[in-house]
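Here is a short report on how one protein chain is put together. Look over the sequence and the structure, then read on.

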Amino acid sequence: MAVCVFACYLGVEKGAAPALGVAPGSRCEMLSVPFQQTARYLREYPDDVTASEKKAINRILDYDVLAEKYNPELSDPVKITFRFRDNDDDPKLDGYMKDYFKAWFAMFRRHPGVYIQATLNNIYSYNDPFHMGRGQQGVYRFYIDKMYQKKAGIDVSYVGPKKIQYIFRLYDELWMRAPGLGLILSAGTYTWLTLLLMGYLMVKKQWKKILIFAIPVLNILICLVSPVNGLIRYMWPVMTIMPMLFWWILQPAPKTSSN
């Protein structure tokens, strides 16, 4: 199963995407965690940075604006300052990244707590069922509000009376705000359901059945290094297979042959 998954991934990433002219993602997309840690460090300890560390950071990110742009639950404002976003294959980048991580590690040794805080602030909503996080930005959005229109630089006109859009908005808010319904739309709910179902199988000593949980566990781990705290669409794969996981654990154990 793992071979099939990776074969499909590589087929799309290395074959179909380049053939269709899809530009590869920037290297910075994989560096949300260390970039957030650096930005928080500069916000908390701006005077505890050596000249060489500042130079190493500034070669990769815009040092002067990192502390100001830092958002504890969203790494995009920090990542947007990545200086090699449009020339990720620059031969100088590997050397610059090596110097950056030397500075990153030296700063970690001085104030490790800041790094831990930066990480927890960017992931806690994936573990807290009662916190909607950034997932509440329109779970079932039947409309695009003006803030997103302006951010995307688009102008959206809707067909039909405004009352219909108002009803859609209320429906959206109902799912996000109503007691109980909100839990269904919380990323943290599905992290805990995954852990509880795995715990149930452990108690029942049904070890082989636990193997299928590699799928949701891998998805959750990827969420924990993602750029956004609690964004529900990152958790959709786990949400969609959850009914199947319940069915899976409730299946009776196969009867063993008397032979």
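At what angle do helix α11 and helix α13 pack, and how far apart are their axes? In this predicted model, the angle is about 145° and the axes lie 11 Å apart. Helix α11 covers residues 187–203, and helix α13 covers residues 214–224. Their crossing is left-handed. From α11, the contact uses Tyr190, Thr191, Thr194 and Met198. From α13, Pro216, Val217 and Ile220 take part. Sorted by type, the residues of this contact are five nonpolar, two polar and no charged.

Now step back to the whole chain. The protein chain has 14 helices and zero strands. Its pattern along the sequence is therefore written with α at each step: α-α-α-α-α-α-α-α-α-α-α-α-α-α. The chain has 259 residues, and 36% of them count as buried. Take the contacts with a separation of 6 or more: 71% of these join residues 24 or more positions apart.

A second helix pair is worth a look. Two packed helices are described by the angle between their axes and the distance between the axes. Helix α2 spans residues 32–44, and helix α6 spans residues 92–110. They pack at about 55°, with axes 11 Å apart. That angle makes α2 oblique to α6. The crossing of α2 and α6 is left-handed. On the α2 side, the contact residues are Pro34, Phe35, Gln37, Thr38, Tyr41 and Leu42. On the α6 side, they are Tyr100, Phe101, Trp104, Met107 and Arg110. Eight residues of this contact are nonpolar, two are polar and one is charged.

The table sets out the two pairs.

| Helix pair | Angle | Axis distance |
|---|---|---|
| α2 and α6 | about 55° | 11 Å |
| α11 and α13 | about 145° | 11 Å |

Last come the cysteines. A disulfide is a covalent bond between the sulfur atoms of two cysteines. How many disulfides does the count give? The count is zero. Cys8 is in no disulfide. The nearest cysteine sulfur to Cys8 belongs to Cys4, 6.6 Å away. A disulfide would need the two sulfur atoms within 2.5 Å.

Is Cys8 buried or exposed? Cys8 counts as exposed, because its relative accessibility is 54% and the cut-off for exposed is over 50%. Cys28 has a relative accessibility of 0%, so Cys28 counts as buried. The cut-off for buried is under 20%.

Notes: Residues are numbered from 1 along each chain as its sequence is written. This is a predicted model: local features need pLDDT of at least 70, side-chain atom pairs count only at pLDDT 80 or more; totals for chains, interfaces and linings use all residues. Side-chain values use heavy atoms; hydrogens and water are left out. Axes are lines fitted to C-alpha atoms, for helices over the stretch in contact, and angles run from 0 to 180 degrees between N-to-C directions. Helices (H or I, at least four residues) and strands (E, at least two) are DSSP runs, numbered from the N terminus. Angles under 35 degrees count as roughly parallel, over 145 as roughly antiparallel, 65 to 115 as roughly perpendicular and the rest as oblique. A crossing is left-handed if the near helix is turned anticlockwise from the far one by less than a right angle, and right-handed if clockwise. Contact means heavy atoms within 4.5 Å. Ala, Val, Leu, Ile, Met, Phe, Trp, Tyr, Cys and Pro count as nonpolar, Asp, Glu, Lys and Arg as charged, and the others, Gly among them, as polar. Buried means under 20% relative accessible area, exposed over 50%, partly exposed in between (1.4 Å probe, protein chains only).
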